[in-house]
Each structure stands twice: as C-alpha cells, then as structure tokens.
Amino acid sequence: MPNPLVAVDPSCMDDFDPSSLLVEQALERIHALAAPVPGIERVAIRETLGRVLAAPIHAPADVPAHDNSAMDGYAVRAADVGGDGPAVLRVLGTAWAGRPFPGPVGPGECVRIMTGAVMPAGADAVVIQEKARAGPGGAVRLDDRPRAGDNVREAGEDIARGAVVLDAGQRVGPAELGVLASLGTVEAGVRRRVRVAFFSTGDELRSLGEPLSDGCIYDSNRYTLFAMLRAVGAEILDLGVVRDAREEVERAFREAAAAADVIITSGGVSVGEADFVKETLERTGEVGFWKIAMKPGRPLAFGKVGGALFFGLPGNPVSVMVTFYQFVQPALRRMMGEPAAPPVRFRVKCASRLRKRPGRVEFQRGVLGYDDTGRLAVRSTGGQGSGILSSMHEANCFIVLPLESDGVAPGSEVDVEPFGGVAGAGA
Ligand code: AMP
Ligand code: MG
C-alpha cells in the first residue's frame, strides 16, 4: 500500500501530528504480534459453524457419487435419438432418486427418470419430459436431439475425490457446513477460540439495572464489544466496569492477563488525570501508547501484558467500534488461524458533502444504497461525533477518507467499506 505521506506534503495538513502512526503502520505492528493460538478441538459438524478449520478437508469420494439426472424425463442413449424426426423408444421402467433402475439400457430402450436419480447403465443423456409423449404399449415418443451428457450431472462434478475442498484457516459458514455434510463429515478439527477478557474504565459508568446519578451514563461499550466479539467467534470474559483508580486498573490488568489471550479495555486511554490505562500498560506490560492518524480512534494503546495481547480502545462508543473493526478484529481473526484479508473497499459516488481536515484518515459512517438513477451511491449518516453511536446503527458502511483529503463535494467518488464481514455482523 503506498505511503500517503510520500505523495503529500504534511506541512499543508494542519491536523497531522508527526508523532502519530499511520493506520497501515499500526496494522503492521499488530499483525507482527498476532500469531495463531495453539490448540485444536475436534467437534461435531454443527459445532464447526463459525469456527476455523485447523486442517484442510479432503474429499473422501466424488460428490455426487454417481452420474445422475438433472431433470425429470427419460434416460436415453443419445445415439438412438439423433436421427431426423421424433424417436420412439421402449420404456423399461423408472429410476427414482435414491432408487436406481437395476438394468442396463439397450438400443431402442429408455428409462423414465427423476431428478437426482442415478443414470442407468448404457444411458448417456436425459430428454426432459416436456419433449416426450407417452405412446401405446409402453413406448414413448421423444422430440429432441440430445447430445451425450445433456441434462446429466457427472459424478465428481461438484467435488472430485481427493481434492482439497476446504483449506485450513477456512471459517465455517452455512455453505461450508453444507459442503462438509455433503462429504459425510461427522466431525472436524477446529482451532481453539481466542479467549478475550475485557472491561470498561470510568467512574461515570453504571451497569444496567443500576440507577443513574448525576453525570453518569450506562456502560454501552461492554455491550458493543460483547456483540463484536461474539460475532467474530471469541470466547468472552466480561470483567465489568473498573473505576478510575490506579490500583483497580492494575488489578484488572493482571486478572485479565492471567485468564486470556487478548485483553481489551475501553476508555481511560488519553492523558487526562483520570486516565490510567497508558501508565498501567507501561508498568505491567510492554510496548505502549500510540496516537494514530485517524478519526475516530486516536489514541489507542497496544502491547502485551504477560502473554496476552493488549488493546486499550478509546472510550467514545463510535471510536470503540471503529478501532475494533480496523485493528482488533483482524488480529483476532489471525489468532484464530484465518489468513490475512484486507477489508473490501470500493469507490462509489457520494451524495453528501463531507467535512474533513487533512492529516488523518477518517472512517465516517455512511449509508450505501441506490440513488434516483438506480446507481449505487453512498450518503453520510449526518453528525459524525465519536459519541453518536446511533450513527453506527444507521450506517451500513464506513466512508474511508484518506489522510490528505480536505473534504468531499457532493457527486465526487469516495472509498466505502461495507459492514458485514464475519458472520454477517460488523465491518
Ligand atoms: P475516556 O476516554 O475515558 O475519557 O472516555 C471518552 C468518552 O467516552 C467519555 O465521554 C466517556 O464517558 C465515554 N465512555 C467511556 N467509556 C464508556 C462506556 N463504557 N460506555 C459508554 N461511554 C463511555
Ligand atoms: Mg474515562
């Protein structure tokens, strides 16, 4: 990916902080530390849904196992029906799906056949029943000139025996579950779920069910995090709300590090007087604190505490979701054994005017849909404050504006990143 700083003179970007990392640099550093977790579990086929395969799946047999009919009709020898005018053949019997016709088909003969039924020996094509008229004495008149193979599904045409059907690192979704079942797979090896411990920090946070006193808010980050972690298939350890006190934050760090592969916190990551995440990471772990040239989402703390990877996300609810999708989710997917996959982005016309200052990448919230002319276009959800969580609810994509952009005029093209990656949830 080209470094946008090479192409742009940072001095004309009033909002660029030279001490901040580019999004790509932050991703590289995260990827360097996010290795697949050890441990494989053999689970029953339904339990593989949403999990990541630990080893490739080979086909033990052809799928389908036999040549079979793709249509209802008559199984014929194509050579018998090739002449001028309709052919009249003798019907020997019927081949049903799951109940093959036992005998061979000889010259001048055919077999009534249903979709999915095994092709009888000797027959090599199926004439659809719309082109057939039953005649007297078990004969049928066929008004068609099929070539060998017409309306026949060949053995192995879906999956050939011995082929690698699913690679190691493949996440199992509905299609993969069906493919596994079609091979007769009863159980499969999947990677252990990544264990993620998370907590919110903030004296103002109240848990659901508690009354709200002056200046307090309900803790919503633990719920968005729960949902995003569930969607990505993590094992979840919710450590609740931690007060803005040095000892309590440190205790929570140690508890989380002892139990989890990954620790996620939200809030308390700036340099305010009640922000203890940065200094606790420095004291109990490694690496440190970043400012990332992005909005929303700077600042972000990243590092290790003991053996656990640490993500200190900002407190603002939209920032939590943006940084999770951009940094945490790819790391978790890697740790679960999936291959790295850059987010899907494409350019579309933007119907709204977007305000932006140069110097940071912005992940604005957009609604992708069709404009009056039937063309795909994106519009802004409106207010882009990082506390406006309803913007994420209304949106179905991020509008990704590059570092140097100074805003977008209606009608220009922008990059969008649709939500809907893992398990249909999230970006
Ligand atoms: P902080 O980074 O701790 O200064 O938090 C930034 C903003 O996000 C403040 O307005 C906080 O009240 C808000 N915030 C922090 N944590 C949460 C949370 N768990 N749920 C909802 N809002 C939060
Ligand atoms: Mg706080």
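User: What should I know before reading the numbers?

Analyst: In this predicted model, local features need pLDDT of at least 70 and side-chain atom pairs count only at pLDDT 80 or more, while totals for chains, interfaces and linings use all residues. Residues are numbered from 1 along each chain as its sequence is written, chains are lettered from A and ligands numbered from 1 in the order in which they are written, and side-chain values use heavy atoms, with hydrogens and water left out.

User: Where does D62 sit?

Analyst: Strands are DSSP runs of E, at least two residues, numbered from the N terminus. D62 falls in the loop between β2 (57-58) and β3 (68-69).

User: Which residues does D62 touch, leaving aside its neighbours within four places in sequence?

Analyst: Contact means heavy atoms within 4.5 Å. On that basis D62 touches A155, G156, I159, A160 and R161. A polar atom of the D62 side chain is 2.9 Å from the backbone nitrogen of R161.

User: How do strands of a sheet pair?

Analyst: Through backbone hydrogen bonds, either parallel or antiparallel. Two strands count as paired if DSSP finds at least two bridges between them. Here, six strands make an open, mixed sheet in the order β7-β4-β6-β5-β9-β8. β7 (125-128) and β8 (132-134) are the edge strands, each pairing on one side only.

User: How many bridges join β5 to β9?

Analyst: Four, between β5 (residues 87-95) and β9 (residues 139-142), and the two run antiparallel. Look for L89, which stands opposite V140 in β9.

Key:
A polar contact is a pair of N or O atoms within 3.5 Å; within protein, one must be able to donate a hydrogen and the other to accept it, and residues adjacent in sequence count only if both atoms are side-chain atoms.
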